[in-house]
Amino acid sequence: ALVAGPFLPLESGKNPFENNQFAISEGERLYKWFNCAGCHSPNGGGGIGPPLIDAHWIYGAEPANIYDTIVKG
């Protein structure tokens, strides 16, 4: 199977913004501002880029994995 890279354990283990309503609304604002919808569609369903609303993620679907993917690239 094709693998994106070696498994690296999460350093933080937790998304510090989880359940933070201000951070969630700020994330929505930044999603629009940086035109993430251009590749991932306005509702995150995918297009040129992979969908963001399903459970299949290359680097893991846990909130901490998603946080690390966005923050660390």
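Asn35 is exposed, with a relative accessible area of 52%. Asn35 sits in the loop between α1 and α2. Its phi is near 55 degrees, a positive value in a residue other than glycine. Most residues other than glycine have a negative phi. This is a predicted model. The protein has three helices and zero strands.

- Asn19 lies in the segment before α1.
- Is Asn19 buried or exposed? Asn19 counts as exposed, because its relative accessibility is 67%.

**Overall layout**

- Read along the sequence, the pattern is α-α-α.
- The helices α1 (21-33), α2 (37-40) and α3 (63-72) each give two or more residues to the lining of the largest pocket.
- The protein has 73 residues, and 15% of them count as buried.

**Confidence**

- The mean pLDDT of the protein is 80.
- A pLDDT of 70 or more is reached by 78% of the residues.
- Which element has the highest mean pLDDT? Helix α1 does, at 92.
- Helix α3 has the lowest mean pLDDT among the elements, at 79.

**Salt bridges**

- The count of salt bridges comes to two.
- One joins Arg29 and Glu26, whose closest N and O atoms are 2.6 Å apart.
- Arg29 and Glu26 both lie in helix α1. They are three residues apart, about one turn of the helix.
- Arg29 counts as partly exposed, at 42% relative accessibility.
- Glu26 is partly exposed too, with a relative accessible area of 25%.
- Lys72 forms a salt bridge with Asp68. Here the closest N and O atoms are 3.7 Å apart.
- Lys72 and Asp68 both lie in helix α3. They are four residues apart, about one turn of the helix.
- Asp68 counts as buried, because its relative accessibility is 9% and buried means under 20%.

**Cysteines**

- How many disulfides does the structure hold? It holds zero.
- Cys36 is in no disulfide. The nearest cysteine sulfur belongs to Cys39 and is 8.5 Å away.
- A disulfide is a covalent bond between the sulfur atoms of two cysteines.
- The cut-off for a disulfide is a pair of cysteine sulfur atoms within 2.5 Å.
- Cys36 counts as partly exposed, at 27% relative accessibility.
- Cys39 also counts as partly exposed, at 34% relative accessibility.

**The largest pocket**

- About 1,400 Å³ of space lies in the largest pocket.
- The pocket is lined by 35 residues. The closest to its centre are Tyr31, Leu52, Trp57, Ile66 and Ile70.
- Which element gives the most to this lining? Helix α1 does, with eight residues.
- What kinds of residue form the lining? They divide into 21 nonpolar, nine polar and five charged.

**A closer look at Trp57**

- Trp57 is one of the residues closest to the centre of the largest pocket.
- Trp57 is found in the loop between α2 and α3.
- Trp57 counts as partly exposed, at 23% relative accessibility. That value is not under 20%, so Trp57 does not count as buried.
- Trp57 and Thr69 are twelve residues apart along the chain. Their C-alpha atoms are separated by 10.0 Å.

Definitions and conventions
Residues numbered from 1 in each chain as written. Predicted model: local features only at pLDDT ≥ 70, side-chain atom pairs only at ≥ 80, totals over all residues. Heavy atoms only, no water. Buried < 20%, exposed > 50% of the residue type's maximum accessible area, 1.4 Å probe, protein only. 1 Å grid on protein atoms, 1.4 Å probe; cavity = no way out; pocket = protein on both sides within 12 Å on 5 of 7 lines; lining within 4 Å. Points joined across faces, edges and corners; volume = space filled by probe spheres on them. Nonpolar A, V, L, I, M, F, W, Y, C, P; charged D, E, K, R; others polar. pLDDT = per-residue confidence, 0-100. Salt bridge = Lys/Arg side-chain N within 4 Å of Asp/Glu carboxyl O.
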